[in-house]
Amino acid sequence: MEIIGVLLERRAGLIVLCNGTRVLLRDGATADHVPIGRSVTISYTVHGGVKVADEIRLNADWLLEAIEATGAF
């Protein structure tokens, strides 16, 4: 599954998107390369009802602007 959002918070083992969605990071994984406020696409799987990131990709700025224009945020 995938989710698109804006990074609000980054902690060891966890990231939080601006809409409050929490996604755990796998052991040894980090999101240090993602600036706070940056639009990301996260591929994830659900384990025991918890989202766990498989991959985090940075989105181009125009993608965030297009999503915001739809009123999705």
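Ala-53 touches Val-23, Leu-24, Leu-25, Arg-26, Ile-42, Ser-43 and Tyr-44, leaving aside residues up to four places away in sequence. Contact here means heavy atoms within 4.5 Å. This is a predicted model, in which local features need pLDDT of at least 70, side-chain atom pairs count only at pLDDT 80 or more, and totals for chains, interfaces and linings use all residues. Residues are numbered from 1 along each chain as its sequence is written, and side-chain values use heavy atoms, with hydrogens and water left out.

**The barrel**

Five strands close into a barrel. Their order is β1-β2-β3-β5-β4, and the pairing is mixed. The twist averages 55° from one strand to the next. Strands are DSSP runs (E, at least two residues), numbered from the N terminus. Two of them pair if DSSP finds at least two bridges between them. Axes are lines fitted to C-alpha atoms, and angles run from 0 to 180 degrees between N-to-C directions.

Take β4 (residues 39-47) and β5 (residues 50-58). They pair in the antiparallel sense over eight bridges. Thr-41 stands opposite Arg-57 in β5.

**The core**

In soluble globular proteins, nonpolar side chains tend to be buried together. A nonpolar core is a set of buried Ala, Val, Leu, Ile, Met, Phe, Trp, Tyr and Cys residues joined through side-chain atoms within 4.5 Å. Buried means under 20% relative accessible area, exposed over 50%, and partly exposed in between (1.4 Å probe, protein chains only).

The largest core has 13 residues. Ile-15, Leu-25, Val-40, Ile-42, Ala-53 and Ile-56 touch the most other members. The elements that give two or more residues are β1 (2-11), β2 (14-17), β3 (22-25), β4 and β5. The largest share, three residues, comes from β4.

**Salt bridges**

A salt bridge is a side-chain nitrogen of Lys or Arg within 4 Å of a carboxyl oxygen of Asp or Glu. By this rule there are four. Three of them are listed here.

| Pair | Closest N and O atoms |
|---|---|
| Glu-2 and Arg-57 | 2.7 Å |
| Arg-11 and Glu-9 | 2.4 Å |

Arg-57 is partly exposed, at 29% relative accessibility.

Arg-26 lies in the loop between β3 and β4, and Asp-54 in β5, so their pair ties together parts that are 28 residues apart in sequence. Arg-26 is partly exposed at 38%, and Asp-54 is partly exposed at 41%. Salt bridges that share partners also join Glu-2, Glu-55 and Arg-57 into one network.

Note on methods:
Helix = DSSP H or I, 4+ residues; strand = E, 2+ residues; numbered from the N terminus.
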